[in-house]
Amino acid sequence: MIKEVLGSFIENLKTAKKYPFILVIATTDVSLIPGITVAGASPELTHFTPAADAEFLVLGKCKVINTVPITPDGIPTPALVTRASLSLTRVTKLVVNAGSRILPKIPFIDVGGKPGGDIRKYSLDLETTERIIENSTLLGEELSNTFDLLVIGESIPAGTTTAMAVLQGLGYDAIDKVSSASPNNPKELKRKVVLDALKNLPSNTLEKISKLADPMLISVAGISLGFKGKILLAGGTQMTAAAAIIKEFNKEKLKDIAIGTTKWIVKDKCSDIISLAKQVGVALIYADLDFSISKHKGIRVYEEGYVKEGVGAGGASILAMINGAKNEDIVRRVDEMYSELLISKN
């Protein structure tokens, strides 16, 4: 079941005739800070996660690493949920590289970005930010010739920290409101990193974004600004930051946009996507998934606050449901794919 929290957007999904699922990948050095993210078995491996997520989404296996990305607790990437959900649709999958340290070994669209640095110093130079926005906007314009809806997901470790920095830097109350892939959200560490990043902040909006934002957020904003139709930002609290960047350039564009996430993000007591979406002024919908019926403990733990979202899992689930799938259908496909992964691992 799909539920609306803010605004009205579901009808746009039902009437859309042609749309792709776009995964925007990138990395920053923020993910190398110990303890700030579980989107990889170790800080160093987080730089492999976006490329591996993209490969698994398209191929059902990874090439840059010999297994799917996992958390330090051994829980598999949410790309598993995304691939399973999209298998119940006939959606075209596209990968956009906005600035990933490791490149996926599959075809992808490159928007001329580069990996972000540590936001406590500077994420990107102004020239790179402008190039990402320009090329991503052009990509959005080109996609308008074929599609009337875009569904855009993301993969970037430590992206909630850069998202919190962007939101706070643009004037929103975002401290402690972003989510985590762990049930134990490292709020104190994130807060310290963000407050350090906000010191000596430039007054110019584009320079603020260059200092604080990751390449994924900038590219997602650019694609959305160039696209002429409706857009479902498939992700959690990070996508409120993407919407905030879009708003800085074209406030009117927000009426064409909704964030599509999972129930685990909306009901997370350690973050507050509803407050963030309200502040920015963007619609919010979610897939009311229930993984307690899964055959696998590694999937059932989603109900305990692990992972929650990522790689567009919520938006992909919403697409599956729009196409007639029920929660049981999605869980069945997730279980089947997870079983295949366990067999191949052994």
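I worked on a predicted model, where local features need pLDDT of at least 70, side-chain atom pairs count only at pLDDT 80 or more, and totals for chains, interfaces and linings use all residues. Residues are numbered from 1 along each chain as its sequence is written, and side-chain values use heavy atoms, with hydrogens and water left out.

**Entry 1: H4 and H8.** I looked up helix H4 (residues 126-143) and helix H8 (residues 215-226). Helices are DSSP runs (H or I, at least four residues), numbered from the N terminus. The H4 and H8 axes lie 6 Å apart, at an angle of about 40°. Axes are lines fitted to C-alpha atoms over the stretch in contact, and angles run from 0 to 180 degrees between N-to-C directions. H4 and H8 are therefore oblique to each other (under 35 degrees is roughly parallel, over 145 roughly antiparallel, 65 to 115 roughly perpendicular, the rest oblique).

I then listed the contact (heavy atoms within 4.5 Å). Among its residues are Ile132 and Ser136 of H4 and Ile218 and Gly222 of H8.

**Entry 2: H3 and H13.** Helix H3 (residues 79-86) and helix H13 (residues 313-322) have axes that come within 8 Å and cross at roughly 20°. H3 and H13 are therefore roughly parallel to each other. Val81, Thr82, Ser85 and Leu86 of H3 make the contact with H13 residues including Ala316 and Leu319.

**Entry 3: aromatic rings.** How many aromatic pairs does a search of the whole structure find? I found three. Rings of Phe, Tyr and Trp (its six-membered ring) pair if their centres lie within 6.5 Å. Trp264, Phe291 and Tyr302 form one aromatic cluster.

Methods: Helices (H or I, at least four residues) and strands (E, at least two) are DSSP runs, numbered from the N terminus. Rings of Phe, Tyr and Trp (its six-membered ring) pair if their centres lie within 6.5 Å; planes under 30 degrees apart count as stacked, over 60 as edge-to-face and the rest as tilted.
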